[in-house]
Amino acid sequence: MTSPAPHPVNDLVLKVTPPRAPRNLVARSSLPHPGEPAVLVQAPPGFGKTSLLAQWRREHLANGSVVAWVSAQPQDDPARFVQALALAVRVASGRPTFGHVLLDAVPPQGFEGITSWLAEVAQSALDIVLFIDEADRLPPATRELLGYLLRNAPTNLRVIVAARSDCDLQVADLVAYGQCARVGGAQLCFSLDETLALVRARFGDKVSRDEAARLHEITEGWPLGLQLALSVMDAGGQSQLPWLDLHGGALREQFVAFMLRNLGADDLEFLTRVSHVDHLHPALVAVLTGDPQAADRLVRLVRETPLFIAGVESEWLRMHSLARGALRQRFDQLSPIEQRKLHALAADWFANQEMLEVAARHALAAGEDQKAYDLAERSLYDATMRGRQAVALEWLAQLPPAEVDRRPRLLLAAAWTLAVSERGDEAGRYVERILANPSADDGLRCECALILAGARLFADDPDGFAQLHDPWAESPPLKDATLLEIHANRSAFRALLDGQPALARLRQQQAPHAGAQLDRWGDFGIGLAYLWEGQVVLADQLLRPMLAAAEGDLGRRSSFATMTAALLAASLWEQDRPEEASALLANRLDVLERSALPECVMLGYRTMARVAVAAGQDHRALELLGALDAVGVARKLPRLRIASLADQVRVHARSFRAQTCRELCFAMDAIYEREQAERGPLWRRSVQPVKAIAQAYAAIADRKWRAALDPLARADATAREVKQGRLHIELLGLRAYVM
């Protein structure tokens with residue numbers, strides 16, 4: 001009788017399930033665990049990397065460490081990889097709340113996600129050992145994230161990575177400085193003593209030492225070759241192996257071929273029919289083979305051959321990549337009709353388990369294009385909204401453009417991805433294709449406007465944001481609660497751009513509530529409005545508990561917590577509490593410069609620069625302002641460059657360096673002249689007071705006091721127009737000084 005299908009399985013669980021140690025595993029006495037905080041095990045396929053990691057895992061468990069495991073896959077984009085890390089530590093530590101923000105909400109992206117995970121590990125007070133197997137399968141962006149993890153691991157975390165020889169994680173400097181140990185193929189080969197121990201454990205005295213030594217010479221100590229050979233000997237009752245010509249890559253190919261030839265015909269046919277599936281389950285195998293005894297056969301093959309890597313306390317398993325590759329060559333020799341049939345069966349089974357992305361891949365291979373597109377459309381949009389943008393881009397790269405154009409949700413997934421990855425122009429092209437579809441309704445057009453408006457915010461284009469938002473400002477045709485709250489948050493920001501901070505707060509308070517993270521964004525907007533109008537005490541009271549909660553849930557160096565810290569630091573500076581402001585921004589500027597809203601980047605750097613000036617460290621202030629200018633160049637945000645130059649004028653004016661101030665003003669004016677023709681009135685209004693104040697400081701530096709009054713008056717008029725109370729008070733004080 002066919003085994004019943006399991007309940008829907010979250011595919012992340014498969015990734016964090018450690019492999020069961022192989023039967024008769026021989027402890028690698030020649031490979032004691034290195035003492036470095038990071039270990040990189042690199043060798044070609046079949047050198048026993050996974051088996052070695054399984055041995056080390058048992059040793060760490062025996063020492064009382066929390067041992068987490070992650071098996072890498074090609075579809076592990078950065079967001080999925082971070083979620084797998086969070087789940088791995090949660091399962092290993094038995095702490096059900098660990099990483100709940102990364103797993104249960106829209107997670108921080110990229111470096112913010114990994115820094116959030118690292119911060120939570122550091123705060124856990126656990127001795128954690130993380131194993132990452134087959135890291136060479138990770139996409140380039142995720143490998144970069146893994147390198148970042150290795151460089152920034154806290155003291156309570158050890159990381160052990162296994163990968164193929166051609167996988168470059170760019171950690172040569174860590175190896176050179178003794179912070180990372182590297183174990184290569186030569187070290188992974190069995191010594192003669194280990195081969196003897198392995199043969200003795202498997203056969204006892206049935207195989208002589210001479211025969212074992214010959215086996216060692218034939219295999220050259222290649223671990224998988226030894227396991228395959230011993231399996232063949234065990235199955236056939238042989239005490240000797242036929243001579244094999246084993247040289248270079250042929251060693252692995254001939255051993256795999258030899259082992260497959262010695263499998264029974266039924267077993268070989270069985271394995272061939274399931275080799276097109278990456279992860280196997282007894283219920284799935286029964287469907288693919290049509291064999292009611294498939295589950296029992298699978299258990300026997302797992303027990304008797306080294307073909308499979310089985311999970312601990314899990315029915316899921318996978319074939320070793322070498323064996324799967326050899327069997328897939330046989331699968332490719334099946335008739336095209338039979339191949340499509342097997343892919344179709346897999347697609348239906350995975351779809352029934354709600355593993356839609358995997359199902360879509362098999363449906364596409366089965367030639368069921370429309371079914372594949374339907375499954376992809378159902379899964380990719382949700383995956384994108386959860387942060388798995390790379391999956392959508394991968395599908396869009398292989399689907400026919402005409403077919404994608406007929407499926408707006410696929411295009412939406414790509415557009416949301418690009419809009420939050422600073423690829424706003426590409427997002428715009430996808431949105432054009434969405435809106436070119438005659439079936440696009442008002443709800444879809446409104447969502448497209450949300451996508452592009454968000455891209456405009458991160459590109460510091462308030463006029464572009466307003467043009468996209470205003471047509472949908474009242475009664476947006478949206479039904480999804482998440483989209484409605486995003487729209488409400490954008491409406492509040494629009495009111496702030498109009499110089500109406502009180503209205504911005506009101507709209508934020510009346511917004512629907514779709515989730516904790518979006519609610520935090522609402523409070524963030526209220527705090528920004530308080531700071532805008534100079535209500536720094538109210539901003540402090542709101543932002544301080546919100547920051548504490550965000551740090552607890554997301555981590556101190558998460559993007560959102562860092563932006564909140566920038567707002568709170570600015571309010572503390574205004575309250576003459578520079579030490580607290582500086583402490584808030586410590587070790588956070590790099591997060592700000594990579595992914596924060598432009599307003600937060602500017603507030604953070606300018607606050608730190610002013611703290612430095614107050615401490616008499618003008619050189620440090622100028623260094624910080626230079627870094628702000630560099631961020632403006634890198635992210636193509638000219639307002640940041642103008643703000644940087646204006647504050648540099650302020651610093652030099654304190655020492656009456658008139659010529660330097662004039663040169664900085666010339667540079668600032670040049671940037672403004674280049675940009676103003678392409679920018680709208682909202683952007684120009686945000687920049688003009690900054691320029692005017694810099695001109696006033698330049699006049700002060702030149703001791704031309706009356707020349708400072710006119711630019712100060714222009715700046716103050718704008719500040720009062722848009723209700724920037726804090727700036728108005730600053731300008732009143734500066735005017736009094738000049739008078």
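Predicted model: local features only at pLDDT ≥ 70, side-chain atom pairs only at ≥ 80, totals over all residues.
**Exercise 1. Work out how helices α24 and α25 are arranged, and which residues join them.**

Step 1. Locate the helices. Helix α24 covers residues 442–458, and helix α25 covers residues 462–469.

Step 2. Read the geometry. The two pack at an angle of about 165°, and their axes lie 8 Å apart.

Step 3. Classify the angle. Angles over 145 degrees count as roughly antiparallel. Helix α24 is therefore roughly antiparallel to α25.

Step 4. The α24 and α25 crossing is left-handed.

Step 5. List the contact residues. Helix α24 supplies A449, L452, A453, R456 and L457. Helix α25 supplies G464, F465 and L468.

Step 6. Sort them by class. The contact of α24 with α25 has 6 nonpolar residues, 1 polar and 1 charged.

**Exercise 2. Find the partner of K15, and decide whether each side chain of the pair is buried or exposed.**

Step 1. Find the partner. K15 forms a salt bridge with D76, with the closest N and O atoms 2.5 Å apart.

Step 2. K15 sits in helix α1 (residues 11–15), while D76 sits in the loop between β2 (66–71) and α3 (78–93). The pair therefore ties together parts that are 61 residues apart in sequence.

Step 3. Check accessibility. Buried means under 20% relative accessible area. K15 has 1% relative accessibility, so K15 counts as buried. D76 has 0%, so D76 is buried too.

**Exercise 3. Describe the salt bridge between R297 and D267, then name the network that includes these residues.**

Step 1. Take the distance. The R297 and D267 side chains meet at 2.6 Å, N to O.

Step 2. R297 belongs to helix α15 (residues 294–304) and D267 to helix α13 (residues 265–274). The two are 30 residues apart, and they link distant parts of the chain.

Step 3. Check D267. Its relative accessible area is 9%, so D267 is buried.

Step 4. Widen the view. A network of salt bridges links D267, D291, R297 and R300.

**Exercise 4. State how many salt bridges the whole structure holds.**

Solution. A search of the whole structure finds 38.

Definitions and conventions: Residues numbered from 1 in each chain as written. Heavy atoms only, no water. Axes fitted to C-alpha atoms, helices over the stretch in contact; angles between N-to-C directions. Helix = DSSP H or I, 4+ residues; strand = E, 2+ residues; numbered from the N terminus. Parallel < 35°, antiparallel > 145°, perpendicular 65-115°, else oblique. Left-handed = near helix turned anticlockwise from the far one by under 90°. Contact = heavy atoms within 4.5 Å. Nonpolar A, V, L, I, M, F, W, Y, C, P; charged D, E, K, R; others polar. Salt bridge = Lys/Arg side-chain N within 4 Å of Asp/Glu carboxyl O. Buried < 20%, exposed > 50% of the residue type's maximum accessible area, 1.4 Å probe, protein only.
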